[in-house]
Amino acid sequence: MNLIGEHTDYNDGFVMPAAIDFYSYAAIGERADQTLSVYSEQFHQSVEFSIAHLAGPPRKHWSDYVRGVAAVLRDEGYPLKGRKPCH
């Protein structure tokens, strides 16, 4: 019995189910400026982005994912405010 379940991805490629031991937690607090501040507990690093200047190539850094999601949300018309990490 497969508890995860097999499926076909959206590009018609088969997917092998596997358990992954990664996880993410998010704590969000509003701030008045247009700065997005994120913190990685694993790397003990903080990174800040200006919401107005999220574009750019990937830097191969853990924060690229956060920056990319924020850029897509902003470009799709969602109003973003600055957030400070809660750690």
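Which side chain meets that of Glu-48 in a salt bridge? This report takes up that pair along with other features of the structure, which is a predicted model.

## The Glu-48 pair

The partner of Glu-48 is Arg-31, and the N to O distance in this salt bridge is 3.9 Å. The two residues come from distant parts of the chain, 17 residues apart: Glu-48 belongs to strand E3, while Arg-31 sits in the loop between strand E1 (28–30) and E2.

Glu-48 is exposed, with a relative accessible area of 52%. Arg-31 has 21% relative accessibility and counts as partly exposed, because that class covers values between the 20% limit for buried and the 50% limit for exposed. The pair also belongs to a network of salt bridges that links Arg-31, Asp-33 and Glu-48.

## Other salt bridges

The count of salt bridges comes to 5. Side chains of opposite charge can pair when their charged atoms come close. One of the salt bridges joins Asp-64 to Arg-67, with the closest N and O atoms 3.5 Å apart. Both residues lie in helix H1, 3 residues apart, which is about one turn of the helix. Asp-64 and Arg-67 are both buried.

Another salt bridge is formed by Asp-75 and Arg-74, where the closest N and O atoms are 3.0 Å apart. Asp-75 is exposed, with a relative accessible area of 57%. Arg-74 is partly exposed, its relative accessible area being 27%.

## The nonpolar core

The largest nonpolar core has 8 residues: Leu-36, Val-38, Val-47, Phe-49, Ile-51, Leu-54, Ala-70 and Ala-71. In soluble globular proteins, nonpolar side chains tend to be buried together.

## Positive phi angles in loops

Which residues have a positive phi although they are not glycines? One is His-44, with a phi of about 55°. His-44 lies in the loop between E2 and E3, and it is exposed, with a relative accessible area of 57%.

Another is Lys-60, with a phi of about 60°. This residue is found in the loop between E3 and H1. Lys-60 has a relative accessible area of 82%, so it counts as exposed, the limit being over 50%.

How values were computed:
Residues are numbered from 1 along each chain as its sequence is written. This is a predicted model: local features need pLDDT of at least 70, side-chain atom pairs count only at pLDDT 80 or more; totals for chains, interfaces and linings use all residues. Side-chain values use heavy atoms; hydrogens and water are left out. A nonpolar core is a set of buried Ala, Val, Leu, Ile, Met, Phe, Trp, Tyr and Cys residues joined through side-chain atoms within 4.5 Å. Buried means under 20% relative accessible area, exposed over 50%, partly exposed in between (1.4 Å probe, protein chains only). A salt bridge is a side-chain nitrogen of Lys or Arg within 4 Å of a carboxyl oxygen of Asp or Glu. Helices (H or I, at least four residues) and strands (E, at least two) are DSSP runs, numbered from the N terminus.
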